[in-house]
Amino acid sequence: MIARSDALQALATEPFDVVVIGGGITGAGVALDAASRGYSVALVERDDFASGTSSRSSKLVHGGLRYLQQFDIGLVREALQERQLLVKLAPQLVRPLPIVVPAFGGARLDRLVGVGLNLYDVMSLGPRRGLRGRLGRRPTDAADGAEARQGETWSPERHRVIGGEEVCEYLPALAARAPTAGYLFYDCQTDDVRLVLSVLGEAERFGAICANDVCVEELLLEDGRAAGVRARERVSGEALIVRAEHVVNATGVWADRLRPQELHDEAEVPQIRPSRGSHIILSNERLLLRAGAIVPAGGGRTIFALPWLGRALIGTTDNDYHGELEHVRPPAEDVDYLLDAVNAFFATSLGREDVAGAFAGVRPLISPGDARTSVDISRKAELYETSSGMITITGGKLTTWRRMAQMTVDRIVERDSLDAPCRTQEIQIGQQVSPEQLERVAGVAPEAYPALAARYGSRADAVLRIAGERAELAKPILDGFPDLLAEVVHAARSEQARGIGDVLLRRTRLGLLAARELSAEGSPALKRVAAAVGRELGWNLRRRRAELARFHDEALAEGIVVEGLPAGAGAS
Ligand SMILES: Cc1cc2nc3c(=O)[nH]c(=O)nc-3n(C[C@H](O)[C@H](O)[C@H](O)COP(=O)(O)OP(=O)(O)OC[C@H]3O[C@@H](n4cnc5c(N)ncnc54)[C@H](O)[C@@H]3O)c2cc1C
């Protein structure tokens, strides 16, 4: 990414066509879409890029099988089509993930799930291919399984029935329960933060200027019309005016905090109803998964158990939330709810002490103004245009960012009476590279190369060049994980990371995967990270100590270490 100081200089001096407020997936998508249609674009993020909801998702790029139950067919179809596209545009980052729905004791597989999966398959293929390609040659699920085993190319688009043994191959953690069959289907998985950073990287390639730690305080108004934003650069505390013809509010769950009257009175924007979702992370020794599983969680609800970055990611809860939005912790009852579901399903007896890390986020749901619970509120995106000219885009899902961006920029293009169609359906997000293509660097362990290729694509070369600078940078940050200390330096040099939380929570994800080790007082790995970031950012010893304390504060406020939760923390 462009150096932050250069970005700030440009933001203060250049007029832009579009200023985007918010550096989550929605803002990043709008920046890319607008820049690729030829607009000059500025994007400002109050904290760190993706520090809001976009780092706290279940990491699925999916249609959402569950939304079929709610007959939200349009949303599922759209999301499935986006899934198909993203797996092509960002194959290194959006990867097919097998998911299993098992049955036990010789019980028949749930026919309703089978019907849902058939529909899911058909919708993901689009209208024409879907009907001809699927329905004509699928007499039974069992036949489907046999057909697939006979060597037909397996694709993420189609589900099949598998036997108990195969279920255990996919879900070794389930072996004790001796499953007898299962549905196997595919969705896709990503690293949400890396997706945001990659989209921002592409936006910059088209000339967008992006900066974090810049908080918008109000709109700059000229004759009642938005002509940019008044912001504060949070490091220096200095005021910053960014001038632009169009202002896009992509602040997610904070969307109705910018000009609330205007939004509520004019656009009749219903309240944004935050809904909290918590996740926990377990080590492979506790729960070994090679595929995802849909896990019943009582009361007709289900959660996911997903393999992610060498660990098991369990979530999510879905409850109305009324607490503060700056730091959303997973409360003890959410952790226990997730552990109970896991224990009942996998016949384990895991406790809070087994949780390697945890996090919670808040969905920006648009309340329909009735008494529906958050589980039942649609994940549809909404666009509002108010009298100042500000365009607000919120709701939606990580999966549908590209459509949300298109909807927003289409409106701007229409306003400007231009003929500038959306191009993002053909813009690669980063560049895929195979691990074998990466140059070998002395001291870098073999398992680091696939991890680097998946995270950075061809930009992994830049990280490896850094790994070659000093022997310590070629080593893993933490034993047992592939992430290199060089990545921390890369994040500070080239990804606007400014603190330890940025590099551990939102560049690598080690702060979540190994929250206990990294948050422990005096953790040697944490000290190494602080020294490496500090060296890049010119921290003296005092500053380094202060930054370590800041990370401990952030870890506590975010509740990433479950044991560290004070009683009743995060209760809404
Ligand atoms: C628990 C959970 C699980 C989920 N799982 C999935 C999933 O598996 N798949 C899926 O598709 N979707 C999922 N979602 C939904 C998805 O994560 C969100 O829809 C998406 O991340 C929202 O992105 P956003 O950019 O709109 O909001 P955010 O990511 O919150 O971005 C808004 C940004 O605006 C910034 N901001 C706020 N105010 C200002 C200001 N005044 N000035 C400057 N910047 C400001 C914030 O700091 C923030 O970074 C999940 C959501 C949750 C909560």
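Guide: Strand E16 gives four residues to the shell around the ligand, the largest share. The model is predicted.

Visitor: What makes a residue count as near the ligand, and which come nearest?

Guide: The cut-off is a C-beta atom within 6 Å of the molecule. Around the ligand there are 38 residues, and Gly22, Gly24, Gly52, Gly252 and Gly277 come nearest. Helix H2 (25–36), strand E8 (214–222) and strand E16 (355–366) each give two or more residues to this shell.

Visitor: Which domains does the shell around the ligand draw on?

Guide: Domain 1 (4–55 + 193–271 + 374–426) and domain 3 (273–366) each supply at least three residues.

Visitor: How many residues of each class are in the shell?

Guide: There are 19 polar, 12 nonpolar and seven charged residues. Gly counts as polar.

Visitor: What makes a set of residues a nonpolar core, and how many residues has the largest?

Guide: Its members must be buried, of the listed nonpolar types, and joined through C-beta atoms within 7 Å. The largest core has 178 residues. Ala31 and Val41 have the most contacts inside it. In soluble globular proteins, nonpolar side chains tend to be buried together.

Visitor: Which residues does Ala31 touch?

Guide: Leaving out residues up to four places away in sequence, Ala31 touches Val20, Val41, Leu43, Leu200, Ala203, Ala208 and Cys210. A contact here requires C-beta atoms within 7 Å.

Visitor: Why is strand E14 called largely enclosed?

Guide: A residue is buried if 20 or more other C-beta atoms lie within 10 Å of its own. In E14 (residues 311–315), five of the five residues are buried, so the strand is largely enclosed by the rest of the structure.

Visitor: How do you know that both faces of E14 are covered?

Guide: Arg311, Leu313 and Gly315 on one side are buried.

Visitor: What makes E11 and E13 pairing partners of E14?

Guide: Pairing takes at least two bridges. E11 (residues 272–282) has four with E14, in the antiparallel sense. E13 (residues 302–308) has five with E14, also antiparallel. Both therefore meet the criterion of at least two bridges. Ile281 has Leu313 as its bridge partner, and Trp308 has Arg311.

Visitor: How many residues lie between E13 and E14 in their hairpin?

Guide: Two, and Leu309 takes a positive phi near 50° in this hairpin.

Methods
Residues numbered from 1 in each chain as written. Predicted model: local features only at pLDDT ≥ 70, side-chain atom pairs only at ≥ 80, totals over all residues. Domains from an automatic or database assignment. Buried ≥ 20, exposed ≤ 12 C-beta atoms within 10 Å, placed from the backbone. Contact = placed C-beta atoms within 7 Å.
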